[in-house]
Amino acid sequence: MSQSQNETVVPEHWEPRILAYCCNWCSYAGADLAGTSRIQYPPNARILRVNCTGRIDPEFILAALEMGADGVLVSGCHPGDCHYTSGNLKLRARWALLEKVIEQSGVDPRRVRLQWASASEAQIFADGVKELTEQVRKIGPIRSEWK
Amino acid sequence: MPARTKSQKQATATKKVSQNALVVGGGVAGMQAALDIANQGFKVYLVEKSPSIGGRMAMLDKTFPTLDCSACILTPRLSEVARHPGIKLLTYSDLESVSGKAGSFRVRVIKRARYVKEELCAGCGECSKECPVEVPNEFDWGLGFRKAIYVGFPQSTPSTYTIDMESCIKCKRCERACERKAIDLEMEDERLEFDVGAIIIATGYRLFDVARYYRLGYGRIPDVIHAMEYERLINAAGPTHGHLVRLSDGRIPQSIGFVQCVGARDVTKDVPYCSRVCCMYGIKNAVMAKEHNPDADATIYYADIRAFGKGFEEFYEMARSRFGVKFFRGRAAEVRRDSRTGKLVVRVEDTEKAQPQDVEHDMIVICPGIQPPEDLAKIVEKMGISVTTDGYVDVANRYFGPVDTKVPGIFVCGCADGPKDIPDSVTEGSAAAMKATIILSGGGAA
Amino acid sequence: MGKPVPVAMAQGSSCWGCFQSLVDMHLKLADVLPLLDIKYWQAVVDFKLKDLEGYPDKSIAVGFYEGMARTEEDIHLLKVMREKCSTLIAFGSCSCFGGIPGMANFSTIEECYDAKFRHNKTVNGGEVPTKNVPPIAEVVKPNTDYVEFDVYLPGCPPTSKLILTAVTSLLEGKPMDLPPHAVCHYCKREKKETPISEVLRPYVGQADPKRCLLEQGYICLGSCTWRLCEGPCVNKGATCRGCFGPVPPIMRDHGAASISMLGTYAPMEPDKLVAQVKDPLGTFYRFDYATSHLGRIRIKREDMKKEEHHD
Amino acid sequence: MMGDKVEPRIGVFVCHCGHNIAGVVDVAAVAKMAMSLPYVVFSTDYMFMCADAGQQLIRDKIKELNLNRVVVASCSPRMHEPTFRRVVEESGLNRYLFDQVNLREQVSWCHMRQPKEATEKAMDLVRMSVARAAQLQSLPIKSVNVTPRTLVVGGGIAGLRASLDIAERGFEVVLVERLPELGGHVRKWTHLFPADESGAQIIGPLVKDVEKHRSIKVMQNSEVVEFGGYVGNFTAKIKNHETGRTKSVDVGAVIMATGFEPFRPFGYYGYGESPDIITLAELQELPPRADLLRPSDGKKVNKLAFIGCVGSREAGKQGHEHCSRHCCSAVAKAASDLKDKVGEVMILYQDIRTYGRGHEELYRLARSKFVIYSRFPKDSKPDVQVTANGITMRWYDVLSGDYLEFEPDLLVLASAMVPPGDIAETAKMFGLTRSADGFFNPEHIKLAPLTTHTAGVMIAGAAQAAKNASESVVDASGAAAKAVSLMARGQVEIESTVSHVIPELCSSCRTCVTACPYGAISMDKSREPAVALVTEAKCHGCGTCAAACPSNAIIMYHSTDDQIMAMVEAFLCTPAQVEGGTA
């Protein structure tokens, strides 16, 4: 990686825009449970439901960043707990490489987050959204990183 | 047509088992039983005495432990039952008599006149708009009003309107308003007769009359209400459109006390048993108070917190730690109104400190226990079943026949055989259906 | 056979390998050349840039643009080609996706200068030349950012056979049919459909000559790469490095597809995988970083910087 | 997939859900915004979309405006997707032309104090859904036959009851029990409640009936080692531990009656330090006799103590947060039974949860027999010391407000009901999710407690949560009804959301074959070169292959790249942003 992380000035009235891919069986259900439990978390993430995290092509994440997503969250079943036995392991391997190329290309890798949250882990899901939102808030808009 | 083995067909043929079942009561337990029977290809008559199926659950605002809104999860169930080709809905109907035995009962049902033709009414409500008569709505426990031609609640199933002839003044404005000519003021009760192979009793419960505890002030002090009234108050479709206000002055209560174990675990009031649901609905209601007004104070007066079901203890813990509901161990002895401040004062002994205390609140919600419906004894008597001393239907054996009554072919589920929460009632509904279909299919150990 | 068709060959920043590949048609050139009326090809015929600029618009039937447009001269040439040619071919992977020069975007221009001039051991003085060199862009932008192409002929270089096919069909006015498959389509190696538990560097061990290289742990991008090469490397024992870019639709993210494929093949512990795949950016984006999503973010970043300077 | 070349005509229905959504989200504004989106020809907000009237509204608008796509913005699709799919289907639209936006669980309920931001989020989600809707395609509706046989896993009281009910109803059952003997925990227990039967008296006749029923195949000493397939058509490989032989069984439905394990509370109240400190389960298994004898030296127990909630109700401790439901009543029953045999009985508790019918009476009976109940505070648990002289308990008694001491001859710990140690593997094998208590998750905690999110797999008894024996019996009959419904219908609809290989685009790289966890993709050798082919019945629809395919040759129906990217674009490239809104 060669571009130095510029000190960014976070603009006023800016809210991080976060895209969250959730698998239907664990994390989407966990997000539902967060709602029914009335766990409050930042409203910045937009959840896009996929059947399994294995469905996620790294391109979905990279394209989102290019389109201006300030952060991308992927949340799935814990390794070993995949509803489809092993889709999440394949995503996990893709993710390891993806995170590295993102970092190498000079985009702050803290903008992307992979987490495991089961259907019962509403708090973990909500905390994940919160942490990513706060982290991205500190880094600033991705458009500022383009500066 | 259900797929059945050859031996069953023979059994059916020789025993002449009716392929129909009767379910008495259209609450969650009865609906579940009806669905599980009908899904096997049998025909079900579902008899419900009120104008709509849905039972008590339809009156609730939220459900514990997930705070799912009751209407949201119940409504699809209502339409599933209503549109199931195997279920014949007989709402606003009463069971008149039962004769015969397992495999072939003869049943008579009286379908009371609604004065609105079910097949014509589209539920548009034009009639109700025109009706000049307003009476307290029993669905809202009298807190709101309905017309003389009405549906109890928006998701009422069937959506057919009903005329309450006791209040109707026969002005016929509804008749003129109805474009579909569905109103028939001359309608008469109908008598239906049919055969069934098995019967399921799912008649539900009634709430304990909390006025029997004079010292708790219900009926005397306007801001002392009971839990079902509270449910209607916080319900968006209820009389206040979901605004939690005091009935005396319309102000938003800043402090609410919830009094548990009223008409439960009390030998002196003939309710020696635990009602199973009050702790949890009490906690749920306290959480809802916090949700409506996060700054409000919600205190629960209890003896033991019985959070025993799946996710219940976790919900109790959440109410305490996340929502800040206060739990006060002590049975409320008395509620009075301080005429100077207008506050309600609960006199209670803090058993953890062994001190009697007076605590002020703006509103008191009494959480009554559950009792068998008034007419349960009468209904089951028609089937040759007697009730126990506490008024419920007795089951044959807790292990071998937990949903079997002492009359073969007749089963029981939900609160008809004792207090139960929703999942336990639903489970029993399915279990009763299982037993009934064994009879309908001509099977059985015999 | 009719009149020779007017053609132009232009070169941006590149290695000339694509034209070399054209020349490598050898005897086939004898068939092709008489059909061409070469209107511009700096290296071969003596036309000047101003000649090209002087032709009427769209008067040249087919133009080949090789290389990417890094300098202002390159960009100008590319735009002129677009004006003058009715069919413009992105000739080679540099022209299609930025190619090897696109990897310059991994670094800033100053870092590139450091490597090339200031700290280069073979250069004395270490000065960045300023005379007789055209101004150079801060960042490599893909040619597609400047002009639209009618045909993409990727490859590093495109094979002679591919060029012949393309030229022939263009001259005959027939639509070019380039099947969409990946290199694997031509690979004779055996696959056993087994996931891999270890990623090997190319120099480690001896590969089984009969089995799929990827399944043996060598990163082969054959399954992600357009098959126009017809698989010479993989059948000769070298892994595919992806020089023909992604399979159509042509502007999909080749690196993302490669990562997805490899991750699927090697569902290993993340730390181990990252440790074993050295330089994933260079591995998966060797030929098409400039047109990839990450490459575009890099370009946008530079654009924003420029805007800021203007402010 | 059928071609839907007609231009999309989308209807958007935004639900208030009473106050649930409308109390936070400006639903009218969301509906108004939706009207401005491409292809949207109708948009409205409505009190309850799921009510009959709401459903009718959708049907009416489909007819009236010739809608060919429907978006409902309401609650979680995990609850109501089937409802609305049915509604659009009743109007002649393919069910896959419907999309649901989750404005309740994922918007209004989790952003209750931020109405403005919640409304913005709701608008984005609707925009995304509409973009996806425009890309939706009809898919064929497929039914498969149901194998008329049910697999019951676990031969405890629940498994026995379920097997017997199904068999009596006329269907076949395969009952698998890992131990050599049927009957589970209940078989060993001496103090069942509220009646006076012993476990053996209950289990004996049940086992006999099960064993002699010719429609029930009992496989003892056996375990399911492999499980696959889909609703109506599962295959289980069952291994017999004695013979080592494996047998494959085809079934249409499964009932999981895998039960629980009594928690062995090492580290609690001296458990393990003295033979005279035992769990309630261990007490239950002591052979019945006239006296209660101390395990350490066989002397008669004079002072008996119980401590409740051991390993239960521990907030923040994973797997031990739940109430174990059965223990309060079981302790009350055991205490009142044993009071006749010993001098003093002391019960330390937090809350008395004798909730069931006849249970409160047991508690009252115990008290009337002068069993002493003493409540200890949640945050200060009793202290138990084991010395050479015996056991000493010291605790703070809430009611007297004082510290008390007791030296029992025998201390019984009412330990938690926890899931079996291998429940994680079981869950994985059967594709089930688990809730925080570690037990299996039901499909819906209120209205669908016996079914799971894996169609065709039911749960009964303590597989679902801590339960007592009579509750498990009811569960078992209920779960049996679900299995029978499936088998009696003979056919069941399956999802069409499977992946599909476009043979013309396939490069024969076999990445998908490696990717598929179900072996659903194979190489079609009838083509040259062979190309990948999906066996749809085996495909579970995870989409891993579609993401992995480097040739873009795999379509994951109902979750296509185009559908996903349309949503991403709709979120990130809103008109405002294009004009430089946010940055």
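## Domain and chain contacts in a predicted model

Between domain 2 of chain B and domain 3 of chain B there is one residue pair in polar contact, both residues being at pLDDT 80 or more (a pair of N or O atoms within 3.5 Å; within protein, one must be able to donate a hydrogen and the other to accept it, and residues adjacent in sequence count only if both atoms are side-chain atoms). The model is predicted, so local features need pLDDT of at least 70 and side-chain atom pairs count only at pLDDT 80 or more, while totals for chains, interfaces and linings use all residues. Residues are numbered from 1 along each chain as its sequence is written, chains are lettered from A in the order in which they are written, and side-chain values use heavy atoms, with hydrogens and water left out.

**Domains 2 and 3 of chain B**

- Domain 2 of chain B covers 126–177 and domain 3 covers 208–370, with bounds that come from an automatic or database domain assignment, and their C-alpha centres lie 32 Å apart.
- Six residues of domain 2 of chain B are in contact with nine residues of domain 3 of chain B, contact meaning heavy atoms within 4.5 Å.
- These two domains bury about 640 Å² between them, 75% of it on carbon and sulfur atoms (buried area is the accessible area, with a 1.4 Å probe, that two parts lose on being put together, summed over both).
- On the side of domain 2 of chain B, Asp140(B), Trp141(B) and Leu143(B) lose the most area to domain 3 of chain B, together 78% of what that side buries.
- The one salt bridge counted between domain 2 of chain B and domain 3 of chain B has a side-chain nitrogen of Lys or Arg within 4 Å of a carboxyl oxygen of Asp or Glu.
- Arg232(B) forms a salt bridge with Asp140(B), and the closest N and O atoms are 2.7 Å apart.

**Interface of chain B and chain D**

- Chain B gives 90 residues to the contact and chain D gives 87 residues, and the area buried between the two chains is about 7,200 Å², of which carbon and sulfur atoms give 54%.
- In chain B, Phe308(B), Lys310(B) and Tyr399(B) lose the most area to chain D, together 13% of what that side buries.
- Twelve salt bridges are found across this interface of chain B and chain D, including one between Asp36(B) and Lys482(D), whose closest N and O atoms are 3.2 Å apart.
- Between chain B and chain D there are 34 residue pairs in polar contact, both residues at pLDDT 80 or more.
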